[in-house]
Amino acid sequence: MKTILFTGFPGFIGMRLLPRILELTPGTRVACLVQEKFMNQARSAAAALEAAHAHARGRIELVAGDITRPGLGIEAAPAAELRRSLWQAYHLAAAYDLAVSRELGQRVNVEGTRHLLELVASAPGFDRLQYVSTAYVSGTARGVFRETDLDVGQGFKNHYEETKFLAEVEVQRSQVPATVYRPGVVVGDSRSGETAKFDGPYLVLRMMDRLPSPGVFFRIGGGSGTVNIVPVDFVVDALTALAATRDSRGRTYHLCDPQPHSPAELVAMFARATGRRFVFLPVPLRLARACLAPPPVQRYLGLPPQALDYFDDPVRHDTAQASRDLGALGIACPRLAGYLPRLIDFYRAHKDDVRRTAMV
């Protein structure tokens with residue numbers, strides 16, 4: 001039986017992606033690499049998936065390991081067995097945190113990717129790596145950032161962007177057959193609103209909750225940028241469909257909204273959808289940083305300083321290749337206005353019992 005190595009289980013995207021992979025690849029098993037500290041959570045998640053999806057039963061194996069260790073921290077005997085049957089790998093595991101330290105980002109995102117590449121390169125029957133990056137490897141690039149772009153001389157707004165960029169460079173240099181997926185800012189399911197973590201745009205909702213209404217809300221920066229928001233079900237649909245095609249081999253896809261909104265538009269949409277009333281006060285990014293820098297202000301409003309840069313980020317992620325290939329498969333990114341009410345309903349119902357931090 002062919003084996004698919006899977007990292008990032010039982011994470012937000014991984015939980016939704018795994019049953020789809022098993023459905024589309026009959027005759028395979030999936031070996032999920034799991035840190036020991038998350039093993040009990042992974043066992044419960046795997047049992048829930050097998051109970052909900054008959055095609056997954058008996059095909060999920062949990063392998064103790066750690067991407068930050070050479071050989072992925074897998075013991076010698078199971079590692080040898082894995083190499084013999086390894087066919088594909090889905091690499092989702094990463095430190096998804098704008099405030100990640102450079103040391104941790106380097107260890108998890110860069111060295112972790114390097115260790116995975118070394119293992120799959122040693123497997124004689126290995127076919128392809130399905131690698132999940134981020135659209136924000138664009139860093140401080142300006143204007144249109146294409147799917148064929150990677151190193152365009154850009155800087156980076158934080159260590160998350162920098163280390164995900166360096167990890168993708170490792171994939172590119174390795175010559176391992178791969179397809180690279182760069183999602184935008186991933187939010188909850190467009191049909192149910194369900195999410196596993198309230199970060200990114202949800203921080204704006206939290207901030208609006210904490211401010212008086214009617215009141216004043218900052219409109220940060222020059223207004224020339226965009227924030228590319230995509231629902232998790234689109235990312236999963238797109239990734240599974242593209243991974244199943246041979247033509248996607250060697251390509252990079254921006255799993256992004258082809259018509260993203262500006263930060264000003266997003267804030268206005270969020271205010272209308274939540275029934276909050278604000279006067280929007282234009283504020284330069286530097287002044288906004290100073291106003292929101294004191295730790296008590298950050299704790300109260302819940303907005304980390306690293307997030308402010310995305311209110312004034314004049315880059316547009318081109319989706320020409322993704323739109324063409326996904327269009328042929330009947331898949332398109334839904335418009336935010338159509339599913340925003342469901343995101344907000346889920347947020348209101350669960351804002352006190354969904355985590356705000358990454359699993360690392």
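Arg107 is partly exposed in this predicted model, with a relative accessible area of 32%. Its partner in a salt bridge is Glu103, with the closest N and O atoms 3.0 Å apart. Both residues belong to helix 4, where a separation of four residues corresponds to about one turn of the helix.

Asp127 and Arg249 meet through their side chains at 3.2 Å, N to O. Asp127 sits in the loop between helix 4 and strand 5, and Arg249 in the loop between helix 7 and strand 11, so this pair ties together parts 122 residues apart in sequence. Asp127 counts as buried at 13% relative accessibility, whereas Arg249 is partly exposed at 34%.

A further salt bridge, at 2.8 Å from N to O, brings together the side chains of Arg251 and Asp325. Here the loop between helix 7 and strand 11, which holds Arg251, is linked to Asp325 in helix 11, 74 residues away. Arg251 is partly exposed, with a relative accessible area of 27%, while Asp325 is buried at 14%. Shared partners also connect Arg142, Lys157, Glu161 and Asp313 into one network of salt bridges.

Glu161 is one of the buried residues of helix 5, as are Tyr160 and Phe165. This helix runs from residue 159 to 174 and spans 22 Å between its first and last C-alpha. Its buried residues pack against helix 4, strand 5, strand 7 and strand 11. At the start of helix 5, a side-chain oxygen of Asn158 comes within 3.2 Å of the backbone nitrogen of Tyr160. After the helix comes Gln175, with a positive phi near 70°.

Conventions. Residues numbered from 1 in each chain as written. Predicted model: local features only at pLDDT ≥ 70, side-chain atom pairs only at ≥ 80, totals over all residues. Heavy atoms only, no water. Helix = DSSP H or I, 4+ residues; strand = E, 2+ residues; numbered from the N terminus. Expected span 1.5 Å × (residues − 1). Buried < 20%, exposed > 50% of the residue type's maximum accessible area, 1.4 Å probe, protein only. Contact = heavy atoms within 4.5 Å. Polar contact = N/O pair within 3.5 Å; in protein donor to acceptor, adjacent residues only side chain to side chain. Salt bridge = Lys/Arg side-chain N within 4 Å of Asp/Glu carboxyl O.
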